[in-house]
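Please look over the structure shown below.

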Amino acid sequence: MAAAAAALASRMWGRPGAGGAERPSDVKSVVGRVASRFLGYDQQDAQEFLRFFLDALHEDSCRLGVPIPKAAQVRARRAGPFASAAAVGGACSLDECVAAFTAPEDLAKQGYRCPGCKAEACVKTTQVWRGPAVLVVVVKRFAYSAFRRAKISVSVELPQALDLRPFCAKGAPALRGRTDYSLWGVVNHSGSLHGGHYTADCRNADTGQWFCFNDSRVSTSRRPTGGASPYLLFYVRNDAAPGVGHRDGGRL
């Protein structure tokens, strides 16, 4: 798989000024042989594919599966499916999503008891301990329960800069270094739980220009600012950012 991925990257970046698009059929074929669920052309979850692909390549990456806050979901349901973000009461910010991810969770409401002391008052808290060079944020847009399966189409605002410092645990190693990140890529999903379409917005490391990748069509685009489609977000720590980041001191 690593060889197929390296060959694809070589074809994409090894022809300066060449036009057209690259078809990653070799990579898809290898992935399908290793994981049969990715065979064929049915809609698959981009986050599941990314997780499998990165684990297979042994990449040093970190994933945060951030929920969309309940209050934002309630506002969206009350406003209706065709209401604008302004009518809903404003879009939900990514910081709010990360805050919901790190908020204390009362496990007693789920019927959990501590197996050691048998106490019912159990609270779980998730915080950042070590910040990776590349942070992959998964916006939890797909909801599953015993009675309901649906896509959560709440608009989420995407900042260019993201700071993890407010979400780090006290005394975490991450606090001894840089905790500021910049947005470099977004995977978007349009459609429903049962069918849809993926596109991607990526920033060129040499020029800083954003590009939209839509199947075989590639076009220049503006920096993604949010909406109901962003699903996977790629943030790079500023002291590890490629190209543009190094030329202006690591900050984008």
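This is a predicted model: local features need pLDDT of at least 70, side-chain atom pairs count only at pLDDT 80 or more; totals for chains, interfaces and linings use all residues.

Residues are numbered from 1 along each chain as its sequence is written, and side-chain values use heavy atoms, with hydrogens and water left out.

A search of the whole structure finds 1 cavity of 30 Å³ or more. On a 1 Å grid over the protein atoms alone, a cavity is a set of points where a 1.4 Å probe fits but cannot get out; a pocket is an open set with protein on both sides within 12 Å along at least five of seven lines; lining residues have an atom within 4 Å of a point. A volume is the space filled by probe spheres set on the points, which are joined across faces, edges and corners.

| Space | Volume | Lining by class |
|---|---|---|
| Largest cavity | about 30 Å³ | 4 nonpolar, 2 polar, 1 charged |
| Second largest pocket | about 500 Å³ | 10 nonpolar, 4 polar, 5 charged |

Ala, Val, Leu, Ile, Met, Phe, Trp, Tyr, Cys and Pro count as nonpolar, Asp, Glu, Lys and Arg as charged, and the others, Gly among them, as polar. Among the residues lining the largest cavity are Leu-164, Cys-168, Arg-178 and Tyr-181.

The second largest pocket has 19 lining residues, and Pro-67, Lys-70, Ala-100, Glu-105 and Lys-140 lie nearest its centre. Strand S6 gives the largest share of this lining, 3 residues. Helices (H or I, at least four residues) and strands (E, at least two) are DSSP runs, numbered from the N terminus.

**Cysteines**

The structure holds 0 disulfides (pairs of cysteine sulfur atoms within 2.5 Å). For Cys-92, the closest cysteine sulfur is that of Cys-97, 3.6 Å away and therefore too far for a bond. Cys-212 is in no disulfide either, with the sulfur of Cys-202 the nearest at 9.0 Å.

**Two single residues**

A polar atom of its side chain lies 3.2 Å from the backbone oxygen of Ala-99.

Asp-215 has a positive phi of about 55° although it is not a glycine, and it is exposed at 58% relative accessible area.

How values were computed. Buried means under 20% relative accessible area, exposed over 50%, partly exposed in between (1.4 Å probe, protein chains only). A polar contact is a pair of N or O atoms within 3.5 Å; within protein, one must be able to donate a hydrogen and the other to accept it, and residues adjacent in sequence count only if both atoms are side-chain atoms.
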